[in-house]
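Please keep the sequence and the structure in view while reading.

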Amino acid sequence: VFDDAQAALRTAEARLNSARTRLDRRRVVSPVAGSVQEIYFRMGERVTAGRPIVSLLPPENVRVRFFVPQAILPQMHIGDRIAIDCDGCAQGLTARVSFVSVQAEFTPPVIYSQEERARLVFRIEAMPERPGDMRVGQPVSVALQPPAGVSHVRR
């Protein structure tokens, strides 16, 4: 009787280990931390192999995208610091310019008159220094900050 109980225990432990292994193989863990931006499938839905289930946005991929008129473009440089302000945001948010477009937006590439040139805008992207304090898609106001130790900048 004792031997039968030990055999039953070993069989149950083997089944438990096998079930844990199968469960661990089904568990997927993201290689990076981030916020969920989109959920493609919900609990109970069938997912085809290789399909994404959620879309993650790692903090280092958060960008502030804004547009500047042609007249301001010469003042914008990669690495420049900008101040960010938005409704409900923490105070003192800043970002560093990481991209300055070389092409105008919203205007077809034709020869421009003086009046049309005033409507040209260029896309700028900046990486927030504290991305966790911002929400994706939230409208913001930006201001170019002068370099440290300079009261005003003329470029």
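## The largest pocket

By class, the lining of the largest pocket is made up of 8 nonpolar, 3 polar and 3 charged residues. The model is a predicted one, and the values reported here are computed from its atoms. The volume of this largest pocket comes to about 290 Å³, and 14 residues line the pocket, with Arg-63, Val-64, Arg-65, Gly-137 and Gln-138 lying nearest its centre. Which element supplies the largest share of the lining of the largest pocket? That share, 3 residues, comes from strand 3.

## The chain as a whole

The secondary structure of the chain consists of 2 helices and 7 strands, and, when these are read along the sequence, they follow the pattern α-β-β-β-β-β-α-β-β. Of the 155 residues in the chain, 18% are buried. Among the contacts in the chain with a separation of 6 or more, 61% are between residues 24 or more positions apart.

## The disulfide

The structure contains 1 disulfide, which is formed by Cys-86 and Cys-89, with their sulfur atoms 1.6 Å apart. The torsion about the S-S bond of Cys-86 and Cys-89 is about -85°, and the disulfide is therefore left-handed.

What burial is found for Cys-86? Its relative accessible area is 9%, and because buried means a value under 20%, Cys-86 counts as buried.

## A buried aspartate in a loop

Asp-80 lies in the loop that runs between strand 3 (64-69) and strand 4 (81-85). Strand 3 is also the element that gives the largest share of the lining of the largest pocket. With a relative accessibility of 12%, Asp-80 counts as buried. Which backbone atom does the side chain of Asp-80 reach? The side chain of Asp-80 reaches the backbone nitrogen of His-77, at 2.8 Å.

Definitions and conventions
Residues numbered from 1 in each chain as written. Predicted model: local features only at pLDDT ≥ 70, side-chain atom pairs only at ≥ 80, totals over all residues. Heavy atoms only, no water. Helix = DSSP H or I, 4+ residues; strand = E, 2+ residues; numbered from the N terminus. Buried < 20%, exposed > 50% of the residue type's maximum accessible area, 1.4 Å probe, protein only. Polar contact = N/O pair within 3.5 Å; in protein donor to acceptor, adjacent residues only side chain to side chain. 1 Å grid on protein atoms, 1.4 Å probe; cavity = no way out; pocket = protein on both sides within 12 Å on 5 of 7 lines; lining within 4 Å. Points joined across faces, edges and corners; volume = space filled by probe spheres on them. Nonpolar A, V, L, I, M, F, W, Y, C, P; charged D, E, K, R; others polar. Disulfide = S-S within 2.5 Å. Contact = heavy atoms within 4.5 Å.
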